[in-house]
Amino acid sequence: MKGLRILCTVITLFTINLQFGQEEKKEQQELSLDKGNINSQFEFIYKKSGNYRADGKKYEVVRVISLDKLKQNVLDSLNVYSKKEDGLKATIKGHETTIASLEKKLAETSNNLSAVTEEKDSMSFLGILVSKGTYNVILWTIIACLLLLLIGFIYKFRRSNVLTQEAKTALSEVETEYEDHRRRALEREQKISRQLQDEINKYKKSK
């Protein structure tokens, strides 16, 4: 029974070591200077480097060819990032240009909308754009003045008509009186003429 436990323990330890060994081998296989990110490539250099101690300090020994490869990979990555940065800057600049154009169009649209709104809420009076309220006040003031002028004209017309009728009546009365006076004067003249003729006849008979 005790031997069986020892055997199980040995098998378990062997399995764990085998698993750790496979994982480490897999990790080493995955680490490479030809693929992966910069961090994994540094990890590869670290794993592949040797070490020694001198004067109580630890040193890592790295192959020059690996350093050159890592340097080239870093430079390539930097170039890629630089190109991406340039592309992003160009994209941002394009977006800024587009945004500026849209803001300009928005400002123009806002100005046009304000002009349309102002024109909608305004009326043209003698070529001058005034608000509807002011236009209504001016319009009704003009109408009121015209009505007052019309009423004044009608009053003056009727007054003049009354005066004309009175003048005509007075003229008719004057003409009537003149006719009466002329008729009476003519009658007096005829009477005086007859009396004169009678006196002339009497004078002739007396001779």
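Modeller: Fine. Asp34 sits in the loop between helix 1 and helix 2 (38-48). Keep in mind that this is a predicted model.

Biologist: Is Asp34 buried or exposed?
Modeller: Asp34 is exposed, because its relative accessible area is 62% and the cut-off for exposed is over 50%.

Biologist: How far is Asp34 from Leu70 in space, and how far in sequence?
Modeller: From C-alpha to C-alpha, Asp34 and Leu70 are 9.2 Å apart, while 36 residues separate them in sequence.

Biologist: Back up a bit. What elements does the protein have, and in which order?
Modeller: There are four helices and four strands. Starting at the N terminus, the order is α-α-β-β-α-β-β-α.

Biologist: How much of the protein is buried?
Modeller: Of its 207 residues, 6% are buried. The protein exposes about 18500 Å², and 60% of that area comes from carbon and sulfur atoms.

Biologist: Now confidence. What is the average pLDDT?
Modeller: The average is 78, and 77% of the residues score at least 70.

Biologist: Where is confidence lowest, and where is it highest?
Modeller: Helix 1 (residues 2-30) is lowest, with a mean of 51, and helix 4 is highest, at 86. Within residues 20-29 the pLDDT falls below 50, and this stretch has zero contacts in the model beyond near neighbours in sequence.

Biologist: Let's move to charges. How many salt bridges are there in the whole structure?
Modeller: A search of the whole structure gives four. One of them joins Glu85 and Lys89, whose closest N and O atoms are 3.4 Å apart.

Biologist: Where do Glu85 and Lys89 lie?
Modeller: Both are in helix 3 (residues 64-120), four residues apart, or about one turn of the helix.

Biologist: Which residues are linked in a network of salt bridges?
Modeller: Asp180, Arg183 and Glu187 are. Arg183 bridges to Asp180 with the closest N and O atoms 3.8 Å apart, and to Glu187 with the closest N and O atoms 3.2 Å apart.

Biologist: Why does Asp180 count as partly exposed?
Modeller: Because its relative accessibility is 28%, and partly exposed runs between the 20% limit for buried and the 50% limit for exposed. Arg183 counts as partly exposed at 42%, and Glu187 is partly exposed with a relative accessible area of 42%.

Biologist: Different topic. How many aromatic pairs does the structure hold?
Modeller: The structure holds one. The pair is Phe153 and Phe157, with ring centres 6.5 Å apart and planes at 25 degrees, so it is stacked.

Biologist: What's the cut-off for stacked?
Modeller: Planes under 30 degrees apart count as stacked, and this pair is at 25 degrees.

Biologist: How are Phe153 and Phe157 placed in the helix?
Modeller: They are in helix 4 (residues 132-206), and because they are four residues apart, about one helical turn separates them.

Biologist: Which residues form the nonpolar patch on the surface?
Modeller: Leu139, Trp140, Ile143, Leu147, Leu150, Phe153, Ile154 and Phe157 form it, with about 810 Å² of accessible area together. The stacked pair, Phe153 and Phe157, is therefore part of that patch.

Biologist: And Trp140, where is that found, and how accessible is it?
Modeller: Trp140 is in helix 4. Its relative accessible area is 59%, so Trp140 is exposed.

Note on methods
Residues numbered from 1 in each chain as written. Predicted model: local features only at pLDDT ≥ 70, side-chain atom pairs only at ≥ 80, totals over all residues. Heavy atoms only, no water. Phe/Tyr/Trp six-rings, centres within 6.5 Å; stacked < 30°, edge-to-face > 60°. Helix = DSSP H or I, 4+ residues; strand = E, 2+ residues; numbered from the N terminus. pLDDT = per-residue confidence, 0-100. Contact = heavy atoms within 4.5 Å. Salt bridge = Lys/Arg side-chain N within 4 Å of Asp/Glu carboxyl O. Buried < 20%, exposed > 50% of the residue type's maximum accessible area, 1.4 Å probe, protein only. Patch = residues over 30% accessible without salt bridge, like charges linked within 9 Å, V, L, I, M, F, W, Y side chains within 5 Å. Areas by Shrake-Rupley, 256 points an atom, 1.4 Å probe, with all protein chains shown as cover.
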